[in-house]
Amino acid sequence: SRAPGRPGAAPPERPPPAAAPPATTGSPPAASGILVEGLADIDGEAVGLLGPSQGGLGAAMWAGTPRALVERLLPRLPTSSPFRTAQDLTRRLLLTAATPPAGPALNISLLTLRAQQLDAMGNITAASALIEASPGRQSDADLTRIKFGSRLLAGDTAGACGLAGFVVETSVRSEERRVGKECRSRWSPYH
């Protein structure tokens, strides 16, 4: 359909859905008429490194997509492609800050899926930066293992070894457990 008033013009883009208003603290308006409201928590699932001005795909990119479908398809994204455009589009999809898809989380957090795909693509720096941008994700075992690996690759042995105990206890990968045990034996404050 054509935009009203301009023959041949494309219809205007719809703006992304507005964020929910922050929860109020219950404080009555001050004498000056100012209402004091609390800030809403940051949704760790929505965090990203790219907004629209940095090449992100938009805050509403998941609108109308069931979460179960996203959880099923994200791990199937190609982690290597001979086409640079496909690599770039995948990276942009995984790094875009966007409202999460509707529906309950079935198996794993969306943030974890995104970080795992970035890691599988060899973009451990972006995976680590995405994790660091998200609040309260330090206890997620999959994310901690990615942080462990990224710190080792960056030469941050002390930072990686700070996560070693957790990795040794939770990792199913023998190499991660071996490195974690090595960290504990060399960097333990009791040795």
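Residue I131 lies in helix α4. The model under study is a predicted one.

**Exercise 1.** Determine whether I131 is buried or exposed, and state which residues it contacts beyond its neighbours within four places in sequence.

*Solution.* 
1. The relative accessibility of I131 is 1%.
2. Buried means under 20% relative accessible area; I131 therefore counts as buried.
3. With neighbours within four places in sequence set aside, the contacts of I131 are A115, L143, I146 and K147.

**Exercise 2.** Identify the buried residues of helix α4 and the helices against which they pack.

*Solution.* 
1. Helix α4 spans residues 124-133.
2. Its buried residues are I124, A126, A127, S128, L130 and I131.
3. These buried residues pack against three elements, namely α2 (84-95), α3 (110-120) and α5 (141-153).

**Exercise 3.** Describe how α4 and α5 are oriented to each other, and list the residues that make their contact.

*Solution.* 
1. The two axes, of α4 and α5, cross at roughly 130° and come within 9 Å.
2. Angles over 145 degrees count as roughly antiparallel and those from 65 to 115 as roughly perpendicular, with oblique covering the rest; α4 and α5 are therefore oblique to each other.
3. The handedness of the α4 and α5 crossing is left-handed.
4. On the α4 side the contact is made by I124, A127, S128, I131 and E132. On the α5 side it is made by L143, I146, K147, S150, R151 and L153.
5. Sorted by class, the contact of α4 with α5 has 6 nonpolar, 2 polar and 3 charged residues.

**Exercise 4.** Carry out the corresponding analysis for α3 and α5: what is their relative orientation, and which residues meet?

*Solution.* 
1. The axes of α3 and α5 are 9 Å apart, and the helices pack at an angle of about 30°.
2. Angles under 35 degrees count as roughly parallel; α3 and α5 are therefore roughly parallel to each other.
3. α3 and α5 have a left-handed crossing.
4. From α3, the residues L111, T112, A115, Q116 and D119 meet D142, L143 and I146 from α5.
5. By class, the contact of α3 with α5 comprises 4 nonpolar, 2 polar and 2 charged residues.

How values were computed: Residues are numbered from 1 along each chain as its sequence is written. This is a predicted model: local features need pLDDT of at least 70, side-chain atom pairs count only at pLDDT 80 or more; totals for chains, interfaces and linings use all residues. Side-chain values use heavy atoms; hydrogens and water are left out. Buried means under 20% relative accessible area, exposed over 50%, partly exposed in between (1.4 Å probe, protein chains only). Helices (H or I, at least four residues) and strands (E, at least two) are DSSP runs, numbered from the N terminus. Contact means heavy atoms within 4.5 Å. Axes are lines fitted to C-alpha atoms, for helices over the stretch in contact, and angles run from 0 to 180 degrees between N-to-C directions. A crossing is left-handed if the near helix is turned anticlockwise from the far one by less than a right angle, and right-handed if clockwise. Ala, Val, Leu, Ile, Met, Phe, Trp, Tyr, Cys and Pro count as nonpolar, Asp, Glu, Lys and Arg as charged, and the others, Gly among them, as polar.
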